[in-house]
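Take a walk through this model, one local feature at a time.

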Amino acid sequence: MSWWEKGVQFQCQGSGNCCTSHGEYGFVYMTKQDRQRMAKELGLSVREFTQKHCDRTDGFFHLKENPQDPNCRFLKNKRCSVYAGRPTQCRTWPFWPEVMNAKAWKKEIASFCPGVRGKKPLVPAEEIEVILKEQKMSEDSLDQEARKYLSR
Ligand code: SF4
């Protein structure tokens, strides 16, 4: 039985806080599908987009980071400048398998995400399950891509 089986209160408040590096929730990982979607949004080929905007760490593609600036490179005035093409992990936040436990949700996530604090509309468990599944599939794709790359 999940702690969220009766749903959880959440509504994005547009703070942009989830677009800023928070330690272990830092990298914006990019599956092949994410890179294709964002490249299209920016009018670039996937190769051009990847060269310009991505790095690879331990076999995993992620958006390039600036050590002097914890904000995502696409965050402009607290808004995502590539919203329609944003990657899966940005679409599914904060319903990620690794944070869907009461401790992480109520402490770590609530510490920087105003959407999980206060009286917000209830997101039903059925909807959470769909989002968790999408995020899990994305993470599996990332793992597969990284394994394939590292075994070359
Ligand atoms: S791609 Fe957009 S939604 Fe995702 S972290 Fe960057 S600014 Fe935020």
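In which loop is N77 found? N77 sits in the loop between β4 (75–76) and β5 (79–80); strands are DSSP runs of E with at least two residues, helices are runs of H or I with at least four, and both are numbered from the N terminus. This is a predicted model: local features need pLDDT of at least 70, side-chain atom pairs count only at pLDDT 80 or more, and totals for chains, interfaces and linings use all residues. Residues are numbered from 1 along each chain as its sequence is written.

N77 is not a glycine, yet its phi is positive, near 50°. N77 is exposed, with 6 other C-beta atoms within 10 Å (exposed means 12 or fewer such atoms, placed from the backbone). D58 also has a positive phi, about 50°, without being a glycine. D58 lies in the loop between β2 (54–57) and β3 (60–63). D58 is exposed, with 8 other C-beta atoms within 10 Å.

Another backbone feature is a cis peptide bond between W93 and P94, with omega about 0°. P94 belongs to the loop between α3 (88–92) and α4 (102–112).

Now the helix pair. The axes of α1 (residues 32–42) and α2 (residues 46–53) come within 9 Å and cross at roughly 95°; axes are lines fitted to C-alpha atoms over the stretch in contact, and angles run from 0 to 180 degrees between N-to-C directions. That makes α1 roughly perpendicular to α2 (65 to 115 degrees).

Key. Parallel < 35°, antiparallel > 145°, perpendicular 65-115°, else oblique. Buried ≥ 20, exposed ≤ 12 C-beta atoms within 10 Å, placed from the backbone.
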